[in-house]
Amino acid sequence: HSLIPRELEVQTIDGNYYMLGMLPYRTTDNRIEGAVINFINITEHKQAEISLKKANDQLRLATVVRDANDAILLQDLDGNIMAWNGAAQRLYGWSETEALALNIAKLVPADLHKKELSRIKQLSQKEILETYETKRLTKDGLVIDVWLTATGLINEAGEVYAIATTERHNKKSPGRKLKA
């Protein structure tokens, strides 16, 4: 009922995107007798826009992880370290390159291996763990107390595929060297 053209994005049930353009159809005596409707397929453009947004979201998250003051580690369900931030390097002493070749077992004192494996099993079954205090080993063999928060990462199938941990040194408890 107005002379104002309209454009809006629409999505079909099968996931395609279109730009819908509506323009009033006027007769020679300036009466509106209908509308001209155009559909322009913008699916590729929209998918590129969505991909760019996801990439920007991941970049922001990566920046947060990189700049965090807490050690942030990512490990697969076998304990292989998949990600290691700068704070982890400062806390534990291994460079990122060195850490990515390690299994988390290298950071866990031998007497805690069984307990830590049961926690991984809990996370793999989607059980939530409260932040807890535990011990970790540094590259130079120092045993330190840390506060650890663990989160199971879930894939699109709803399965836990990795574990992310945030670890903070409990400075109230000084580190000690393991006895040989």
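Predicted model: local features only at pLDDT ≥ 70, side-chain atom pairs only at ≥ 80, totals over all residues.
Residues are numbered from 1 along each chain as its sequence is written, and side-chain values use heavy atoms, with hydrogens and water left out.

Nonpolar cores were defined as sets of buried Ala, Val, Leu, Ile, Met, Phe, Trp, Tyr and Cys residues joined through side-chain atoms within 4.5 Å. Buried denotes under 20% relative accessible area, exposed over 50%, and partly exposed the range in between (1.4 Å probe, protein chains only). The largest such core comprises 13 residues. Those with the most contacts inside it are L73, I81, W84, A88, Y92, W94 and L107. Four elements each supply at least two of its residues: β4 (71-76), β5 (81-84), α2 (86-92) and β7 (142-154). Helices (H or I, at least four residues) and strands (E, at least two) are DSSP runs, numbered from the N terminus.

Side chains of opposite charge can pair when their charged atoms come close. Nine salt bridges are present in the structure. The criterion was a side-chain nitrogen of Lys or Arg within 4 Å of a carboxyl oxygen of Asp or Glu.

K46 pairs with E9, with 2.7 Å between the closest N and O atoms. K46 belongs to helix α1 (residues 43-67) and E9 to strand β1 (residues 6-11), so this bridge ties together parts that are 37 residues apart in sequence. K46 is buried, at 13% relative accessible area. E9 is partly exposed, at 39%.

K135 bridges to D145, and here the closest N and O atoms are 2.5 Å apart. K135 lies in strand β6 (residues 132-137) and D145 in strand β7, so the pair ties together parts ten residues apart in sequence. K135 is partly exposed at 30% relative accessibility, while D145 is buried at 10%.

E33 is partly exposed, at 46% relative accessibility. R31 is partly exposed, with a relative accessible area of 46%.
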